[in-house]
Amino acid sequence: MVWIKQEEREKVWHGKCKTEDFRCIDPDIGCINACGYDAFLSELMEDFNTYAAAKEEETGIAINVEVYNASQSQATQNNQVEAMAQDGCDIICVNLVDRTDPTTVIDLAEKNDIPVIFFNRELVEEDLERWDKLYYVGA
């Protein structure tokens with residue numbers, strides 16, 4: 001959840017304030033899959049959307065989820081992250097095309113102060129330690 005004072009909705013940078021005096025803004029979550037034709041990732045995105053819909057119903061807060069397919073292209077994935085940042089995305093979830101080349105994704109997210117959750121393909125440990133708003137979920 002992202003909280004800001006109602007009257008400062010346009011002024012305050014998302015995610016800086018958390019208190020009962022503030023109202024919640026609907027979070028925008030962008031998810032990028034390395035490939036759209038993977039059965040596991042398709043099921044994962046379906047479950048994620050189901051969970052988001054249940055949370056939306058439970059809380060009354062709209063959770064906007066946009067899912068993108070990078071078509072096995074790191075350049076496409078980088079462009080998608082850039083577009084999400086420009087569109088004001090609050091959180092970016094990324095299944096990296098190339099787990100050894102997350103530099104552009106990390107730089108764009110850090111520049112725009114957008115947390116990134118990497119999933120399924122573990123990036124190199126040194127990359128994950130570059131910024132305190134980078135996370136990895138996977139086995």
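1. Strands β3 (residues 28–33) and β4 (residues 64–69) run parallel and are joined by six bridges; strands count as paired if DSSP finds at least two bridges between them. N33 has N69 as its bridge partner in β4. Between β3 and β4 the chain passes through helix α1 (residues 39–59), and this β-α-β crossover is right-handed. Right-handed here means that, with the strands pointing away from the viewer, the path from the first strand over the helix to the second runs clockwise.

2. On provenance: this is a predicted model, in which local features need pLDDT of at least 70 and side-chain atom pairs count only at pLDDT 80 or more, while totals for chains, interfaces and linings use all residues. Residues are numbered from 1 along each chain as its sequence is written, and side-chain values use heavy atoms, with hydrogens and water left out.

3. The protein chain contains four helices and seven strands, in the sequence order β-β-β-α-β-α-β-α-β-α-β. Helices (H or I, at least four residues) and strands (E, at least two) are DSSP runs, numbered from the N terminus.

4. Of the 139 residues in the protein chain, 35% are buried (under 20% relative accessible area; exposed is over 50% and partly exposed in between, with a 1.4 Å probe and protein chains only). The accessible surface of the protein chain is about 8,300 Å², and carbon and sulfur atoms account for 48% of it; areas come from the Shrake-Rupley method with a 1.4 Å probe.

5. Contacts (heavy atoms within 4.5 Å) between residues at least 6 apart in sequence join residues at least 24 apart in 53% of cases in the protein chain.

6. The largest nonpolar core has 21 residues, among which V81, I92, V94 and F118 touch the most other members. Such a core is a set of buried Ala, Val, Leu, Ile, Met, Phe, Trp, Tyr and Cys residues joined through side-chain atoms within 4.5 Å. At least two residues of this core come from each of α2 (74–86), β5 (91–94), α3 (103–111) and β6 (116–119). Helix α3 gives the largest share, four residues.

7. Leaving aside residues up to four places away in sequence, I92 touches G30, V81, M84, I114, P115, V116 and I117. There is also a second, separate core of nine residues, including I29, M45, I63 and C93.

8. E82 lies in helix α2 and is partly exposed, at a relative accessible area of 35%. The C-alpha atoms of E82 and A109 are separated by 8.3 Å, with the two residues 27 residues apart along the chain.
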